[in-house]
Amino acid sequence: MSSLPATSTTTRTGPPPEARLGERARRAARFVARLLALLLLGSLWAPEAGAQVTRATLTMRVDRTNVEVGALFRLHVEARVTGAGGNAQVRLPDLAPFELISRSESPPVQIMGLGGGVRVDTTTRYQLTMRAPRAGTFTLSPASLVAGGRTFTSEPLTIQVGGGAEPSGPASLPPGNQVDGMQFDPDGFIRTWVDQASPYVGQQVTVTVYLYSRGRLRGTPTITQEPTTEGFWVQDLLPPSRTLQDERQTVGNTTFNVYVLRRFAAFPLQPGELMIGGTALTLTQNALFQILGGGGEPELPRAGSPVRITVRPLPEEGRPPGDVHVGELSLAAELDRSQVATGDAVTLTVTATGRGAMEQVRIPPPTMDGLRVLEPEIRDSFGHPDDVVGGARVFRFLVVAERAGDYPLGPIEVPVFNATHGRYTVARAPALTLTAAGNAVDEDVGGGGGEATSANGGSRATAPSFGPIHTHSELSRSHGALVTQPWFPFAIALGPLLFLGGLLVRRARQQAEREDPSRAPKRARKLAKKHLAAARGHVDADEPREFYAAVAQALKEALEGQLGHPVGSLTHPELGATLRGRGMDEQVVGAILDELEGCDFARFSAVGVGAEEMQVCLTRARTLIESVARFVPIPEDE
Amino acid sequence: MTRPGLTACALLLSALSAGAASTAHADSLEEIFARANTAYFGGDFDAAAESYGELVELGVVDADVAFNLATSEARRGRYGAAVQHYERALWLRPGDDDAAAGLEEARGALARRRARQQGEAEVDSGPPLAEAVFGGVSRDALAIGVVVFELVLFGALFGLLFVRRESARLLLGIVAPLSGIVFLVCGVGLALRSGWLEEGPPAIVLAEGAPLREGPSRVADERHRALEGQRAWVLGAEDGFSLVRVPGLGEGWIADEQLGLVRPPNQ
């Protein structure tokens, strides 16, 4: 026996594979459990985490950065905070260079987060209406927001103020970011807009009251309080009965239906601070809007804020004496007669035309020794084109000349102040002269050769009355009647000459036909072709009655041309006899008579005749006319 | 200076003075009119009538001037002249209510005066045929009517010569006679208003009892005596007299200053 060399091996011993898999699963399960626990703990911390400010934005803007002195502009500040919105504080910028006219603040709007957590977003808006009292460049300091222990600031704004005040155009809706003296309400609010912040006494201020509504109005809102206008003379610019029309406009992020409730012209009667009071009403939202969750109550009371206006007095420098009209004015004066017998009355008419408070215009009666002037009769015709009040005021004075003499009336003057240019002018009507002569008018006849008046005045009862004379005359030197004009006889002769010419032409034509017998048939053929062309037109227009009439006429024209005399008055048998007597072929005669009879019948019973049938008839007529053209009639005397 | 030289100087001076005089009196028509009105209002009807007459002599043919002259004459008691100028005003401006009223008033005053003087009076108060029928229509309107409807008439006749369509001929056949009728009416009216059918220009006797003589002479025998305000037709003129025919009286020669033409000369 022999021996082999030895080898060594290592073997490990452990758990079996199935056991290892189970261990991994258990580890994974433990990991997931911890993770879930962590998440659960984290969710519990969420409120605390949400209670901290995570984000904030502060914006400050103006509707315009270039304004005129005295003009209004709007400052808009918006603060949005995500987080501890309830603790946020907004500090507005220093408004020292400007006058604050009005201020409004919208309540904070909070939006809650979804998904079980509490997250608060808060938005606060401020609208400030301001006015620049003097020219210059001004910087608004930044607004600031303190929230969650942190301070947020906006950017500063620079405002350029220059020139004179210009009124804003009232023609269209003011921009959405101009909100005057109102309390913003997302369901609706009232806005009072004034085009002049600082007018002169007597200058027109246009006031418009708008209603901003989220929904369409159902019916006319009930106005419970009209805007007060103490210290103003007012004229409405809208018709008393009208349908409210709405326009859409967005204010901030909200779109509204905007209605014009009131528009009137207000003329301040005194300088100083005057108020246009706020309007109050009750409005009803559209029912459909409510169904769709538009929110709001069925009836909403709303009130607008008053608007302050600073009225400037008229400048003293250069001011003429008397009552000054503010606006535009022109005067015209006329007398119905410039000469009058003493004791007679004349009418002085003064017409004032212009813009502004025309109803306040006064024309004092002219005063003069020897004249008695009665109080005038006044007639007004006012309007307001383009929302500017104006028109005409006519004064009629009765003027009685109590003594003979010449009386200068006028010039009539009214001082006017142009608010746009800030200047005084004088509206003037030139002077007129009234001449009164003689004693008071006597009805009796005077002068030599007149009738005698009896001592007891018996003739006075039957004294003739002559006059008054005409004080205006064109003093024309000639009475150029048409009859005396040199061209009149020629105009009279024109008609007879025309007729005579027609007679001559006709005579010449007949003469030519007698000399050239072929002329008549040629002309007849031409006429026949013309009638056939008309018949073709009637086919296209589907007019059978007219068609057959034209065909019959064409045939008769052709026959008349060949025969040399009319055939329209002949009956068909007579026509047939005539044609046979003149040598026409019997077949052609028969065809012509058949065609004419067919046309007569079809004319009066043309219902249902088609275009094809008419076309066939047209072709037959054409063939017949050619046959007639070839026909040479035997002379009649043979 | 020689005689010719003196003569020349005299002539020159007279020409200059005449020129100056004419310049001094060359008021404008408006000034004369205003002066006449002032005189009227002042009660100086003589001066007023003179000034209005001056306008007429200067060639003014105007209804207002004629009316004022008539009224001034009436105020003076010269009713014949008043009738003359009121009729002229109506001829210049047919339908003038003021002139018509004044004419009626003047004729009425004439009648009353004559009645007081003679116990009874009869005044020619009826307007001539032309005035009665066509009084409210101007001559120009009648002339336009004549021309237009004559053209329509002869145009329709011209059409009848050449138009062959029955319907057109029927229409022309209706238009022609209708337009002919209107043409005739306008023609007659124009003839009456223009005086073409009158035997002479119409005139008014201005003086009461104006003699109608055998011949154009103051020594000629009287045939008749016309009344103030009476209408006359001028048949001729010679040596400051006019041969007239007065309806109801006859013919005779009357002094021109006792007769007033209704229509302005050369009209």
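Residues are numbered from 1 along each chain as its sequence is written, and chains are lettered from A, with ligands numbered from 1, in the order in which they are written. Since the model is predicted, local features need pLDDT of at least 70 and side-chain atom pairs count only at pLDDT 80 or more, while totals for chains, interfaces and linings use all residues; side-chain values use heavy atoms, with hydrogens and water left out.

Let's begin with chain A as a whole. Chain A holds eight helices and 30 strands; these are DSSP runs numbered from the N terminus, with helices being H or I of at least four residues and strands being E of at least two. Of its 638 residues, 39% are buried, where buried means under 20% relative accessible area, exposed means over 50%, and partly exposed lies in between, using a 1.4 Å probe and protein chains only. Chain A exposes about 35700 Å², and carbon and sulfur atoms supply 53% of that area. Those areas come from the Shrake-Rupley method with a 1.4 Å probe, and for residues only the protein chains shown count as cover. Now contacts, meaning heavy atoms within 4.5 Å: among those in chain A between residues at least 6 apart in sequence, 70% join residues at least 24 apart.

On to the strands of chain A. Two strands pair here if DSSP finds at least two bridges between them. Take β21(A), residues 325–335: it pairs with β28(A), residues 412–418, in the parallel sense over two bridges, and A:H325 stands opposite A:V416 there. With β23(A), residues 345–356, β21(A) runs antiparallel, and nine bridges join the two. In that pairing A:S330 stands opposite A:T353.

Next, a three-stranded open sheet in chain A, with the order β4-β8-β9 and antiparallel pairing. Its edges are β4 (89–91) and β9 (150–153); each has a single partner strand, so one side of each is left without a neighbour in the sheet. Neighbouring strands are turned by 20° against each other on average, direction ignored. For angles in this talk, axes are lines fitted to C-alpha atoms, for helices over the stretch in contact, and angles run from 0 to 180 degrees between N-to-C directions. Three bridges join β4(A) to β8(A), residues 144–147, and A:R91 stands opposite A:S144.

Another three-stranded open sheet in chain A has the order β22-β30-β27, and its pairing is mixed. Here β22 (339–341) and β27 (405–409) are the edge strands, each pairing on one side only. β22(A) and β30(A), residues 432–437, run parallel and are joined by three bridges, with A:A341 opposite A:A437. Chain B comes in here too: helix α2(B), residues 29–41, lies across β22 and β30 of chain A, at about 15° to β22(A).

Buried residues of α8(B) include B:R139, B:E150, B:L153 and B:F154.

B:A203 lies in strand β1(B), residues 202–205, and is buried, with a relative accessible area of 0%. Beyond its neighbours within four places in sequence, B:A203 is in contact with several residues, among them B:Q230, B:V234, B:L259 and B:V262.

Last topic: aromatic rings. Rings of Phe, Tyr and Trp (its six-membered ring) pair if their centres lie within 6.5 Å; planes under 30 degrees apart count as stacked, over 60 as edge-to-face and the rest as tilted. That gives 18 aromatic pairs over all chains. The rings of A:F189 and A:Y212 have centres 4.6 Å apart and planes at 10°, so this pair is stacked. A:F189 sits in β11(A) and A:Y212 in β12(A), 23 residues apart, and both are buried. For B:Y40 and B:F41, the centres are 6.0 Å apart and the planes at 80°, so that pair is edge-to-face. B:Y40 is buried at 7% relative accessibility, and B:F41 is buried with a relative accessible area of 7%. Finally, ring pairs link A:F73, A:F98 and A:F138 into a cluster.
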